Amino acid sequence: MNDTEKVDALLRDLEHPLKPEIKAVRAIIMKANKKIAERVKWNAPSFFYKKDMAAFHTRATQHVHLVFVFHDGAMIHDSDGLLEGDYKDWRMAYFKNMADVKAKKKALEKVVNEWVKLHE
């Protein structure tokens with residue numbers, strides 16, 4: 001169930017130095033694949049398709065921090081290097097400013113679509 005109204009409300013009240021960048025990343029994810037839905041989970045905007053896909057870590061204020069979840073250790077190939085970390089079931093994506101969001105747009109769209117394919 002898509003819960004855009006609750007995400008809108010959370011973002012309206014969010015105090016974050018990179019709030020425009022968070023909104024831009026959110027828009028990229030939601031436009032990347034029509035199967036993606038959003039909701040508030042872990043007290044943050046999060047995205048899912050059948051299972052949890054990603055959530056913002058809004059307490060990190062030096063950058064936009066997006067955590068992608070990979071269930072059962074299933075990974076995607078990220079040839080663009082957007083995803084960072086070597087954790088068993090998650091990877092991080094970081095965006096330092098609006099120029100960085102724009103520069104990583106195609107890589108983010110690719111990761112979102114590969115993630116959806118993995119769960120179909």
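Q: Is Val7 buried or exposed in this predicted model?
A: Val7 is part of helix H1. The cut-off for a buried residue is under 20% relative accessible area. Val7 has 0% relative accessibility, so Val7 counts as buried.

Q: How far apart in space are Val7 and Pro45, C-alpha to C-alpha?
A: Val7 is in contact with Arg26, Glu38, Arg39, Val40 and Pro45, leaving aside its neighbours within four places in sequence. Along the chain, Val7 and Pro45 are 38 residues apart. Their C-alpha to C-alpha distance is 5.7 Å.

Q: Which residues touch the most other members of the largest nonpolar core?
A: In soluble globular proteins, nonpolar side chains tend to be buried together. The largest nonpolar core here has 31 residues. Those that touch the most other members are Val25, Ile29, Met53, Leu66, Phe68 and Leu108.

Q: Which element gives the most residues to the largest nonpolar core?
A: The core has 31 residues, with Leu108 among those that touch the most other members. Elements that give two or more residues to it are helix H1 (4–13), helix H2 (19–32), strand S2 (44–49), strand S3 (51–56), strand S4 (64–69), strand S5 (90–95) and helix H4 (105–118). The element that gives the most, with six residues, is H4.

Q: Which residues does Met53 touch, not counting residues up to four places away in sequence?
A: Met53 is among the residues that touch the most other members of the largest nonpolar core. Without the residues up to four places away in sequence, the list for Met53 is Ile29, Ile36, Phe47, Phe48, Val67, Phe68, Val69, Val112 and Trp115.

Q: What is the distance between the end C-alpha atoms of H4?
A: H4 has 14 residues, and at 1.5 Å a residue they should span 20 Å. The end C-alpha atoms agree with this, as they are 20 Å apart.

Q: Which elements are included in what covers the buried residues of H4?
A: The buried residues of H4 are Ala107, Leu108, Glu109, Val111, Val112, Trp115 and Val116. Their cover includes H2, S2, S3, S4 and S5.

Q: Is Lys110 buried, partly exposed or exposed?
A: Lys110 lies in helix H4 and is in contact with Ser79 and Asp80, leaving aside its neighbours within four places in sequence. Its C-alpha atom is 9.8 Å from that of Ile29, a residue 81 places away in sequence. Buried means under 20% and exposed over 50%. The relative accessibility of Lys110 is 39%, so Lys110 counts as partly exposed.

Q: Which residues of H2 are buried?
A: The 14 residues of H2 should span 20 Å at 1.5 Å a residue, and its end C-alpha atoms are 20 Å apart, which agrees. In this helix the buried residues are Lys19, Glu21, Ile22, Val25, Arg26, Ile28, Ile29 and Ala32.

Q: What is the volume of the largest pocket?
A: The lining consists of Trp42, Asn43, Ala44, Ala55, Phe56, His57, Thr58, Arg59, Val67, Val69 and Trp90. S3 and S4 each supply at least two of the lining residues. By class, the lining has seven nonpolar, three polar and one charged residues. The volume of this pocket is about 220 Å³.

Q: Is Thr58 buried or exposed?
A: Thr58 is in the loop between S3 and S4. Not counting residues up to four places away in sequence, Thr58 touches Leu14, His16, Asn43, Ala44 and Pro45. The C-alpha atom of Pro45, 13 residues away along the chain, is separated from that of Thr58 by 8.7 Å. With 16% relative accessibility, Thr58 counts as buried.

Q: Is Trp42 buried or exposed?
A: Trp42 lies in the loop between S1 and S2. Its contacts, not counting residues up to four places away in sequence, are Asp52 and Ala55. The relative accessibility of Trp42 is 55%, so Trp42 counts as exposed.

Q: What is phi of Asn43 near?
A: Most residues other than glycine have a negative phi. Asn43 is in the loop between strand S1 (37–41) and S2 and, at 61% relative accessibility, counts as exposed. Its phi is positive, near 60°.

Q: What is phi of Lys50 near?
A: Lys50 is found in the loop between S2 and S3. At 60% relative accessibility, Lys50 counts as exposed. Its phi is a positive value in a residue other than glycine, near 65°.

Methods: Residues are numbered from 1 along each chain as its sequence is written. This is a predicted model: local features need pLDDT of at least 70, side-chain atom pairs count only at pLDDT 80 or more; totals for chains, interfaces and linings use all residues. Side-chain values use heavy atoms; hydrogens and water are left out. A nonpolar core is a set of buried Ala, Val, Leu, Ile, Met, Phe, Trp, Tyr and Cys residues joined through side-chain atoms within 4.5 Å. Buried means under 20% relative accessible area, exposed over 50%, partly exposed in between (1.4 Å probe, protein chains only). Helices (H or I, at least four residues) and strands (E, at least two) are DSSP runs, numbered from the N terminus. Contact means heavy atoms within 4.5 Å. The expected span of a helix is 1.5 Å times one less than its number of residues. On a 1 Å grid over the protein atoms alone, a cavity is a set of points where a 1.4 Å probe fits but cannot get out, and a pocket is an open set with protein on both sides within 12 Å along at least five of seven lines; lining residues have an atom within 4 Å of a point. Grid points are joined across faces, edges and corners, and a volume is the space filled by probe spheres set on the points. Ala, Val, Leu, Ile, Met, Phe, Trp, Tyr, Cys and Pro count as nonpolar, Asp, Glu, Lys and Arg as charged, and the others, Gly among them, as polar.
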